[in-house]
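Hello,

Please find the structure below, with the sequence alongside it. My notes on the backbone follow.

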Amino acid sequence: MKVFCGRANPTTGSVEWLEEDEHYDYHQEIARSSYADMLHDKDRNMKYYQGIRAAVSRVKDKGQKALVLDIGTGTGLLSMMAVTAGADFCYAIEVFKPMADAAVKIVEKNGFSDKIKIINKHSTEVTIGPDGDMPCRANILITELFDTELIGEGALPSYEHAHRHLVQKNCEAVPHRATVYAQLVESRRMWSWNKLFPIRVQTSLGEQVIVPPLELERCPGAPSVYDIQLNQVSPTDFTVLSNVLPMFSVDFSKQVSSSTASHSRQFEPLASGQAQVVLSWWDIEMDPEGKIKCTMAPFWAHSDPEELQWRDHWMQCVYFLPEEEPVVQGSALCLVAHHDDYCVWYSLQRTSPEKDGRAHPARPVCDCQAHLLWNRPRFGEINDQNRTDQYVQALRTVLKPDSVCLCISDGSLLSILAHHLGAEQVFTIENSAASHRLMKKIFKANHLEDKINIIEKRPELLTPADLEGKKVSLLLGEPFFTTSLLPWHNLYFWYVRTAVDRHLAPGAVVMPQAASLHMMVVEFRDLWRIRSPCGDCEGFNVHIMDDMIKHALDFRESKEAEPHPLWEYPCRSRSEPQQILTFDFRQPVPLQPVCAEGAIELKRPGRSHGAVLWMEYHLTPDSTVSTGLLKPAEDKGYCCWNPHCKQAVYFFNTTVDPRVPPGGLQTITYTVEFHPHTGDVTVDFTLSDALDRGC
């Protein structure tokens, strides 16, 4: 059966209705899931297995049957571990039907169907009794309900319900306990992901400073955590202000509460500075004694950095304090962790909230619009003074005293730069209410509300009256649009340029004047794991899961590139970067597809896990902004990526091995096509016959 799905095209700006398979969303969920990453997480798997063995032994030592409840079973791996460890029966809960169906097959394949029952329900819907899903309560509770924030996937409500309705009092639990840790730091780089800094513009009249609105400075920010690979943040990018503080623990073997709570820890700052950011992570102890521990600690807080396990399904957290506060070395303060049923946030207080009787503060909510419009990397991009200087230099070469400028990018400061550099008149299009309100606040804070005209409508609906009857002599874009996920989605600028063509004056200048798509074949240090088949996991056959993911990847959308911020995921180039397509913004979008084909020569040894693609925008003939590679790869191939942008990754189904036989191919051929009607970019690869199918 086919269904029609509506989707907004991020490149063309239009809403499209596409015929899709009825299971389309399921396939997307599976194709983009982190199941493979979890199955490759050997540290996690081994610690769970050890904890499960110990829990089953403790129950058996009491002369009891070991009855297991496994919530969020996924592949059924933990239930199979439990049966292998001696459990008498397992009730494995999985709410996602395609995953539950796969678990049934995996359990059967491994010969455990008589000991494991897969229940395709949410755990809160499971019933107990003679006619229920389970005949009685379980005495061992096994779960893997955690995300990077620990509680963001609803772990607390699920545990709360399970203890009330599904497991025995004082049951065994694996994991037994979780502890959340925090460390207070000062970091200009990380703080730039949360606040708008003053931006300096050198003009013929001297330096002009773009200042943030007071409302933005006072805003507590977005309530969501920023989860990143903290191990890729250089220690030189932050100053430690506190020791690592254990903030709170949850004992999963007892009744758990999902109610809002606060946990305070007094500490003495290690150094004086500006308290801005809280770095946080957690560990889980699989046994009551805490001997079997799985930790998410970054390398500087890890007990054995050499044994650091890479994982992408659990990372580390960056939290921003509501406002930066000065701290003095040795002067005692209280760091307070607050949480509700799904979210954690932090505050810094002079005294313990328990002592002064303060109520739990509400979860922070953005009231300035900026945190709703700009994500954390976008804040960093806008605050990048070097990037701003590059746009200023380019603008100087194209601006004239009589320039009439039209700026097209979401929530961009380009219009302010154009005004300060002497444009006669500046218009900016903000086609969302949120961006219109934000830009209005920024213009007012800089006394520009009467100098820059904001047009709140879709570009294709622009009329001469909106431009006060004037023709545009300079069309500007970064380009940046909030709907863009993949690098070429910002080609929406080209479609807008085409839509406003009739409003352009003869000889009008477009900046950027062109863009180019670049590609490079890479070997990832770790990221390959998220798309690599698992085969056997801790002695259990999970090939069915591999086949399921492969089948999901056969669907159209799942074959597309994936966006990843590669500054977080180290890789080595196996080829030189290659320009594969160009887009001339001085001309309207062509009616026919733009195609190219070629070959990439593999020059460095290693495995070819995939191809990375990115855009470069040619502001002028002498100025280019890259959203990907910032400088040529080092001799060994290590890459430096733009930290504000996500790059597109095409993972190869197989990996090109360096040990090709004499005369074997050392190239990867490709065909790339830009489809003007849809705005899609598709790339097809033909790999060498000399392949190593393992990773």
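**Backbone notes**

E468 is partly exposed, with a relative accessible area of 46%. Please keep in mind that the model is predicted.

E468 sits in the loop that runs between β22 (452-455) and β23. Its phi is near 55°, which is a positive value in a residue other than glycine. As background, most residues other than glycine have a negative phi, and most peptide bonds are trans.

L150 is another residue to look at. L150 is not a glycine, yet its phi is positive, at about 80°. You will find L150 in the loop between β6 (138-143) and α6 (155-165). Is L150 buried or exposed? L150 has 2% relative accessibility, so it counts as buried.

Next, the peptide bonds. Which form does the bond from V174 to P175 take? That bond is cis, and its omega is near 0°. P175 belongs to the loop between β7 (167-174) and β8 (177-186).

A cis peptide bond also leads from E478 to P479, here with omega near -10°. The loop that holds P479 lies between β23 (472-476) and α15 (492-499).

To find these places in the viewer, start with the loop between β6 and α6 for L150, then go to the loop between β7 and β8 for P175. After that, look at E468 in the loop between β22 and β23, and at P479 in the loop between β23 and α15.

Regards

Note on methods
Residues numbered from 1 in each chain as written. Predicted model: local features only at pLDDT ≥ 70, side-chain atom pairs only at ≥ 80, totals over all residues. Heavy atoms only, no water. Helix = DSSP H or I, 4+ residues; strand = E, 2+ residues; numbered from the N terminus. Buried < 20%, exposed > 50% of the residue type's maximum accessible area, 1.4 Å probe, protein only.
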